Amino acid sequence: MSSQTNAGGVHRAKIWQIAGFAFNNTATNMYMFMMNFISYFMVGALGVGVVLATTFVTVMRVWDGVSDPFVGYMVDKTNGRFGKNRPFMLIGNLILMLSTFIMFHFSQKMPMAIRFVFFVIIYMIYVVGYTFQCVVTKSAQSCLTNDPKQRPLFTIFDGIYNTLVFTLLPMFFTGYLLKKHGDFTMDYFHDAWMMVAPVAFGLTCIAIFCISSKDRPEYFGTGKAVKVGLKDYWEVLKGNRAIQMLVVSAGTDKLALTTQGNATVSVIVYAIICGNAALQGAVSAYTSIPTMLFLMFGAGVIATRLGQKKAMMFGTYGSLVCCVLSVILFYVADPSTLSLPGIEGFSGLNFFTVAFVVLWLGFKGFSGISGNIVIPMTADCADYEVARSGKYVPGLMGTLFSFVDKMISSLGSTIVGLMCAAIGFKDALPGPNTPLTPELKFIGVFCLYGLVIIGLVCNIIAMHFYPLTKEKMEEIQDEIARIKAKGAAA
């Protein structure tokens, strides 16, 4: 496919450009997964209490959200020799690499009086770097392609990469590193960094190369620079119904999925309830390929033919059914019988194993569609704003979305920490050798599925008021083409 603009104002990217640029999100997701274990680092290396450690993560998520609008403002103001997006990708990844190295290798060596303060400062710098790189995943969508039929292709590649990341990393972090070191030691975090940092840097370089030819003014909004002020944040939030509803939808989903992916929740579910921590990686391995095929069908067929809104709803309803059935399964069957080939203690397939894997596969497939489609939907919201007000503000749009999203999802670690503290885990988080109790089982099932169900219901309500159907987006692209033609004539 050509990357040139056709007579109708639609510009497309080549398939390899979309596939390569999706690695930018993969790189930041690798750091996000590694930092899921930061509470264990704080408790073990810094001597911080459980409630403070989990609450700290929440506070830093708030700082992450607060920094988003300012980074977005910088993106919208940037249009130099190296483009609008590429500088933020490179600088952001370098900040991530250096800050996490210092965090894991020097924080615990600081004098006790300043140890925690030092860690907080480095973590705040890490958050800024994460925001630098992460905002581009959303802001560059609108210049990568504006073809409504091509834009969902990003979801396919991004979903495949994320499926691989969240399949392989649990196997590495819990199946290999935890077994190698026995606990979350300093050597554990050193080995984790040695794998994540260089791989994420390589993926970032690929993404920079793939976006380079599209990171130019002729692919931005109306084709000319538009002055943007801080007051535009409020005007966009007030007048853009699409981003309002997308924030509500994705924000509640993100809270649930952040809690679900919490390292402590994984320990409770797989190590304590099911009896073997290695099962997490095994489940991911067995469901990864079917999940990718599921995602390719959802994004490749439904989204490109029926529009991204309908793809979102398809994934939402499917996820809801799978979650409700999974909660019932955990209480009518025996989770301790979960057993998979290749894992120590495998004794043959049984009802719980087959039902759990099928439902988990369905959930991951459906939620992969609804979760990953959000990123190109953000680009739709940015184009909607161009047609609505004439302002091209992709950085503002992406970070406005991220700001509210992170403020909501920041509660995930706190929810887990407070629930654990409420049943007696005030000085240490539940570990692989913690005995199972009914209270721990409730926490595990609620955090794995319960919050997701609540988020999906909110999703359904928000999408009812989301205005950007496939037909509406075609009208918007025609309007943007008219604005460009008028500007060129003038």
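Me: Which helices each supply at least two residues of the lining of the largest pocket?
Reply: This is a predicted model, where local features need pLDDT of at least 70, side-chain atom pairs count only at pLDDT 80 or more, and totals for chains, interfaces and linings use all residues. Residues are numbered from 1 along each chain as its sequence is written, and side-chain values use heavy atoms, with hydrogens and water left out. Helices here are DSSP runs of H or I, at least four residues, numbered from the N terminus. The ones that each give at least two lining residues are α3 (38-45) and α8 (153-181).

Me: Which helix gives the largest share of that lining?
Reply: The lining divides into 11 nonpolar, 8 polar and 3 charged residues. The largest share, 4 residues, comes from α8.

Me: Is R81 buried or exposed?
Reply: R81 sits in the loop between α4 (50-77) and α5 (86-106). Buried means under 20% relative accessible area, exposed over 50%, and partly exposed in between (1.4 Å probe, protein chains only). R81 has a relative accessible area of 77%, so it counts as exposed.

Me: How far apart are the C-alpha atoms of R81 and R216?
Reply: Along the chain, R81 and R216 are 135 residues apart.

Note on methods:
Nonpolar A, V, L, I, M, F, W, Y, C, P; charged D, E, K, R; others polar.
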